[in-house]
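Here's a quick briefing on how this chain packs together. Have a look at the model first, then the notes below.

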Amino acid sequence: MTVEEVEAFVCIAQLGGFTEASRRLNRSQPAISRRIRELERSLGAPLFERAGRGVTLTEAGKTLLPYAEAVLATIRDGERAVQDLAKEPGGGQTLSIAIVGTLADSHLVDALRRFESEFQDVSVKLRTATSREVSALVRGGEASLGLRYFPDADPKLESIPLGTEQLLVVVPASHPVTAGRLPDLRALQNERWLAFPPERGQAASLSHLLERQLPASGPAQPSITRIDSLTAQKRLVEAGLGVALMPISSVREELRIGSLRGIEVESLDASLPVVAVRRVRGYQSRLATAFLTMLREHTPGLLG
């Protein structure tokens with residue numbers, strides 16, 4: 001079992017396919033497949049099953065995954081620990097941060113500007129992903145710090161509260177309800193709602209929040225269509241094929257140009273907790289600690 005084989009296995013498990021993993025690792029698909037065959041041969045068990053265009057983990061794969069993630073995280077922690085011993089502070093070092101794309105707003109920008117002014121020799125590597133993917137990148141050691149919605153239930157991760165982000169009911173520009181504020185959702189009770197699928201293994205998510213809030217604020221049996229892409233949700237709302245509950249930061253541009261409209265609903269307790277995640281027993285580099293401190297100072301209450 002080699003580090004390259006373990007890295008390929010974890011990447012495929014996270015992304016759900018060999019093609020996606022080959023792009024992430026900048027290796028050819030035959031090379032990735034060869035690594036997995038060697039790993040399966042050394043373990044004496046298949047790790048993946050084909051599922052349409054993607055793959056799913058076998059029982060052996062599910063058993064191996066947490067150990068494989070821990071191995072990679074430990075290696076990457078070791079790299080960061082040695083880098084922190086560099087004679088010249090910051091020389092040749094990189095801080096890797098994974099974030100949900102909609103959180104790349106002015107608060108994060110302000111924190112990054114201050115960080116880069118104080119650590120001018122440090123390269124900041126930003127990766128955008130879903131909340132689930134952010135946690136996976138941190139858990140595997142690919143990112144020192146992650147910013148996502150909702151605390152992660154994984155005991156291997158520490159979730160540090162940063163604030164909350166307000167949610168709006170988003171409707172097409174031509175929607176017959178023209179009010180910018182409503183007392184409740186009765187005016188929208190016959191609408192089709194667009195929402196993300198529930199996150200596996202997570203008790204709290206935007207999907208769960210919507211399922212709880214809709215019956216309490218209006219329609220008793222709301223119609224919910226699951227769409228796993230934020231961009232697709234926005235385009236469908238623009239086309240008049242549904243309405244959605246979205247973070248303000250995700251629709252700022254559409255609200256600005258008028259392709260979507262936002263409605264505040266008084267009875268809707270709609271806000272998303274924003275947290276930073278890091279590994280509980282992972283190496284806490286001085287760079288990650290410094291950036292987290294700056295981020296907290298620039299997010300008092302965040303966007304809410």
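Predicted model: local features only at pLDDT ≥ 70, side-chain atom pairs only at ≥ 80, totals over all residues.

**Around strand 4**

Residues are numbered from 1 along each chain as its sequence is written, and side-chain values use heavy atoms, with hydrogens and water left out.

- Lysine 125 sits in strand 4 (residues 123-129); helices (H or I, at least four residues) and strands (E, at least two) are DSSP runs, numbered from the N terminus.
- With 43% relative accessibility, lysine 125 counts as partly exposed; buried means under 20% relative accessible area, exposed over 50%, and partly exposed in between (1.4 Å probe, protein chains only).
- The C-alpha atoms of lysine 125 and alanine 98 are separated by 8.4 Å, and the two residues are 27 apart along the chain.
- Arginine 127 is in strand 4 too, but this residue is buried, at a relative accessible area of 16%.
- Leaving out neighbours within four places in sequence, arginine 127 touches Arg24, Ile97, Ala98, Ile99, Leu137 and Glu142.

**Helix 1 and what it packs on**

- Helix 1 has 13 residues and reaches 18 Å from its first C-alpha to its last, close to the 18 Å expected at 1.5 Å a residue; the expected span is 1.5 Å times one less than the number of residues.
- Its buried residues are Glu5, Val6, Ala8, Phe9, Val10, Cys11, Ile12 and Gln14.
- Those buried residues of helix 1 pack against helix 2 (18-25), helix 3, strand 1 (48-51), strand 2 (54-57), helix 4 (59-83) and helix 6 (131-139).
- Just after helix 1, glycine 16 takes a positive phi of about 85°.

- Helix 1 (residues 3-15) and helix 3 (residues 29-43) have axes that come within 9 Å and cross at roughly 110°; axes are lines fitted to C-alpha atoms, for helices over the stretch in contact, and angles run from 0 to 180 degrees between N-to-C directions.
- That makes helix 1 roughly perpendicular to helix 3 (65 to 115 degrees counts as roughly perpendicular).
- Helix 1 brings Glu4, Glu5, Glu7, Ala8, Phe9 and Ile12 to the contact, and helix 3 brings Ile32, Arg35, Ile36, Glu38 and Leu39.
- By class, the contact of helix 1 with helix 3 has 6 nonpolar, no polar and 5 charged residues; Ala, Val, Leu, Ile, Met, Phe, Trp, Tyr, Cys and Pro count as nonpolar, Asp, Glu, Lys and Arg as charged, and the others, Gly among them, as polar.
- Helix 2 packs on helix 3 at an angle of about 105°, with their axes 9 Å apart, which makes helix 2 roughly perpendicular to helix 3.
- This contact uses Phe18, Thr19, Ser22 and Leu25 of helix 2 and Gln29, Ile32, Ser33 and Ile36 of helix 3.
- Sorted by class, the residues of the contact of helix 2 with helix 3 are 4 nonpolar, 4 polar and no charged.

**Nonpolar cores**

- The largest nonpolar core has 55 residues, and Phe115, Val169 and Phe291 have the most contacts inside it; a nonpolar core is a set of buried Ala, Val, Leu, Ile, Met, Phe, Trp, Tyr and Cys residues joined through side-chain atoms within 4.5 Å.
- Helix 10 (residues 286-298) gives the most to this core, with 7 residues.
- A second, separate core of 19 residues includes Ile32, Leu39, Leu64 and Leu72.
- Phenylalanine 291 touches Leu95, Ile97, Leu108, Ala111, Leu112, Phe115 and Leu145, with residues up to four places away in sequence not counted.
- In helix 10, the buried residues are Leu287, Ala288, Ala290, Phe291, Leu292, Met294 and Leu295.

- Most residues other than glycine have a negative phi.
- Asparagine 26 has a positive phi, near 55°, in the loop between helix 2 and helix 3, and is exposed at a relative accessible area of 64%.
- Phenylalanine 150 also isn't a glycine, yet has a positive phi of about 65°; this residue is in the loop between strand 5 (145-149) and strand 6 (157-172) and is buried, with a relative accessible area of 7%.

How values were computed
Parallel < 35°, antiparallel > 145°, perpendicular 65-115°, else oblique. Contact = heavy atoms within 4.5 Å.
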